[in-house]
Amino acid sequence: MTTIGALSAALSQCWAAEAQAAAPRRPAECKFQCSNGNCLRLGSLICNQLNNCGDNSDEENCPVVTQHPPPGIFSCEY
């Protein structure tokens, strides 16, 4: 490839990458609509025992979570 051809190809790639970077990005879809109108875009934010919505609606109607301490944390030896 000639120097001019290589330069032209490099400029074309650069302009294409620049145009793609400047293009508006579509926002991620709403995975959960909070009661207060907020939108959670990650499903992992629902029922994670944290108030991600601000009104706690993402924690309503969640299954009860029972966590047991790791083995050996309590010792019954006297």
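What is the handedness of the link of C47 and C62, left-handed or right-handed, given the torsion about its S-S bond? In this predicted model, the torsion about the S-S bond comes to -85°, and the link of C47 and C62 is left-handed. Because C47 lies in the segment after β2 and C62 also lies in the segment after β2, the pair ties together parts that are 15 residues apart in sequence.

**Disulfides**

- The count of disulfides comes to three, and when the bonded cysteines of the protein chain are numbered in sequence order, the pairing reads 1-3, 2-5, 4-6.
- A disulfide is a covalent bond between the sulfur atoms of two cysteines.
- One of the disulfides joins C30 to C39, with an S to S distance of 2.1 Å.
- C30 has a relative accessible area of 31% and is therefore partly exposed, and C39, with a relative accessible area of 28%, is partly exposed as well.
- Another disulfide joins C34 to C53, where the S to S distance is 1.9 Å, and because the torsion about this S-S bond is about -70°, the disulfide is left-handed.
- C34 lies in the loop between β1 (32–33) and β2, whereas C53 lies in the segment after β2, so this pair ties together parts that are 19 residues apart in sequence.
- C34 counts as buried because its relative accessibility is 4%, which is under the 20% that marks a buried residue, and C53 is likewise buried, with a relative accessible area of 3%.
- The disulfide that joins C47 to C62 has an S to S distance of 1.9 Å; here C47 is partly exposed, with a relative accessible area of 34%, and C62 is partly exposed, with a relative accessible area of 22%.

**Chain and secondary structure**

- The secondary structure of the protein chain comes to one helix and two strands, and from the N terminus on these elements run α-β-β.
- The protein chain has 78 residues, of which 8% count as buried.
- Its accessible surface comes to about 6900 Å², and 57% of that surface belongs to carbon and sulfur atoms.
- Among the contacts in the protein chain with a separation of 6 or more, 4% are accounted for by residues 24 or more positions apart.

**Confidence of the prediction**

- The mean pLDDT of the protein chain is 77, and 58% of its residues reach 70 or more.
- Confidence in the protein chain is lowest in helix α1 (residues 3–22), where the mean is 58, and highest in β2, where it is 95.

**S57 and its surroundings**

- S57 is placed in the segment after β2 (39–40), and it counts as buried because its relative accessibility is 6%.
- Leaving aside residues up to four places away in sequence, S57 touches F32, C34 and S35; one of these, C34, is the cysteine that a disulfide joins to C53.
- A polar atom of the side chain of S57 lies 3.1 Å from the backbone nitrogen of S35.

**Residues with positive phi**

- Most residues other than glycine have a negative phi, and the two residues below are listed against that background.
- C47, which is found in the segment after β2, has a phi near 55°, a positive value in a residue other than glycine.
- N61 has a positive phi of about 60° although it is not a glycine, and its place is in the segment after β2.
- N61 counts as exposed because its relative accessibility is 81%, whereas C47 is partly exposed at 34%.

Notes. Residues numbered from 1 in each chain as written. Predicted model: local features only at pLDDT ≥ 70, side-chain atom pairs only at ≥ 80, totals over all residues. Heavy atoms only, no water. Helix = DSSP H or I, 4+ residues; strand = E, 2+ residues; numbered from the N terminus. Buried < 20%, exposed > 50% of the residue type's maximum accessible area, 1.4 Å probe, protein only. Polar contact = N/O pair within 3.5 Å; in protein donor to acceptor, adjacent residues only side chain to side chain. Contact = heavy atoms within 4.5 Å. Areas by Shrake-Rupley, 256 points an atom, 1.4 Å probe, with all protein chains shown as cover. pLDDT = per-residue confidence, 0-100. Disulfide = S-S within 2.5 Å.
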